[in-house]
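Please examine the structure shown below alongside the account that follows.

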Amino acid sequence: MTESTAFLKATLHMLAPWMRAPGEASVPVAAMVPIRTLAPNHRSRILAHLLALDEHDRYLRFGYTATDEQVERYVTGLNFERDEVFGIFNRSLELVAMAHLAYSTHAATASCAEFGVSVLKSARGRGYGGRLFERAAMHARNEGVNMLFIHALSENSAMLRIARKAGATVQRDGSESEAHLQLAAPNLDSRLAQILHEQYAEADYKLKKQARHFWDLLGLMQDVRTGVRDARQRSAQ
Ligand SMILES: CC(C)(COP(=O)(O)OP(=O)(O)OC[C@H]1O[C@@H](n2cnc3c(N)ncnc32)[C@H](O)[C@@H]1OP(=O)(O)O)[C@@H](O)C(=O)NCCC(=O)NCCS
């Protein structure tokens, strides 16, 4: 662990007891997942992530079996200025999970937002879906949203479990279900928690990027060494 990651983890550990609302369960620091806020320059990674979802997952995510073209249109249409997009990267900087927090564009429902999420099959069951939901709910709360909606198919047990676990009310209407979570008003603690999460995710991303550059460089040096050795062997023959 580098100094900066250790510092952030230690800070979060220190602040954890008073970052919780009264009666709120504690989240162990070890379980923290670095979740980054994505920007327009991440569009190609978002597209690659969504295109990697199979037909059934696309059906669960979008409510219909989105074709590649429909997925492309969705990614092109993402409005990063109005909405928030969150992502979790693995060590190779592949986007393994992402969530879209879409703010309502209607005046009558101005303080509402909708949550959509996807996690690559290879990264499921590690709590990423749940963490993205918590992160989006914290962000929405700090933006003054008081109701967070999740549309899910009734067969989507994992998504409905995430929503119920967070305290959302789930209403089933045949093959479709709608969950809504009432959010508390923002306060200093919720804002501070968000800043710390963002800093932690930024530090993590930078470290992964540096590590990738290091391994790329090492690979390049090994190629050069192999080339030099082969040339030497050829000239000795
Ligand atoms: C729904 C989805 C995001 C869950 O991602 P994930 O990272 O695996 O979720 P988590 O690891 O946080 O698990 C969530 C909970 O659901 C439970 N769960 C997972 N799969 C389940 C299943 N098939 N049936 C019942 N519960 C399940 C987990 O045990 C966990 O509960 P726990 O915390 O009490 O153990 C993922 O399956 C996915 O991308 N599906 C396709 C797209 C989609 O359905 N999006 C949601 C609609 S917007």
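Predicted model: local features only at pLDDT ≥ 70, side-chain atom pairs only at ≥ 80, totals over all residues.

Setting aside neighbours within four places in sequence, Arg-43 contacts Val-75, Thr-76, Gly-77, Leu-78 and Phe-80. With Val-75, the separation along the chain is 32 residues, yet the two C-alpha atoms are 6.6 Å apart.

These contacts lead to a helix pair. Two packed helices are described by the angle between their axes and the distance between the axes. Helix H2, residues 43–51, packs against helix H4, residues 68–76, at an angle of about 150°, and their axes are 10 Å apart. The crossing of H2 and H4 is right-handed. On the H2 side, the contact is made by Arg-43, Ile-46, Leu-47, Leu-50 and Leu-51, while H4 contributes Asp-68, Val-71, Glu-72, Tyr-74, Val-75 and Thr-76.

In the loop between strand S1 (36–37) and H2 lies His-42. Is His-42 buried or exposed? Its relative accessibility is 6%, so His-42 counts as buried. Apart from residues up to four places away in sequence, His-42 touches Arg-36, Thr-37, Phe-89 and Tyr-205.

Leu-148 shows how separate parts of the chain meet: beyond its neighbours within four places in sequence, its contacts include Leu-101, Phe-115, Phe-133, Ala-137 and Leu-181.

Another loop, between strand S2 (84–89) and S3, holds Leu-93. Most residues other than glycine have a negative phi. Leu-93, although not a glycine, has a positive phi of about 65°. Leu-93 is also buried, with a relative accessible area of 2%.

Helix H6, residues 157–165, has the buried residues Met-159, Leu-160, Ile-162 and Ala-163. Seen down the axis of H6, these buried residues fall within an arc of 155°, so they line one face of the helix. The face turned away from that buried side carries the exposed residues Ser-157, Ala-158, Arg-161, Arg-164 and Lys-165. Which elements cover the buried residues of H6? The cover includes strand S4 (112–119), helix H5 (128–142), strand S5 (147–153), strand S6 (169–173) and strand S7 (176–182). Just after H6, Gly-167 takes a positive phi of about 100°.

The whole chain can now be considered. The protein chain contains 7 helices and 7 strands, and their order along the sequence is α-β-α-α-α-β-β-β-α-β-α-β-β-α. Of its 237 residues, 41% are buried. Among contacts with a separation of 6 or more, 64% join residues 24 or more positions apart.

Note on methods. Residues numbered from 1 in each chain as written. Heavy atoms only, no water. Contact = heavy atoms within 4.5 Å. Axes fitted to C-alpha atoms, helices over the stretch in contact; angles between N-to-C directions. Helix = DSSP H or I, 4+ residues; strand = E, 2+ residues; numbered from the N terminus. Left-handed = near helix turned anticlockwise from the far one by under 90°. Buried < 20%, exposed > 50% of the residue type's maximum accessible area, 1.4 Å probe, protein only. Arc of directions from axis to C-beta.
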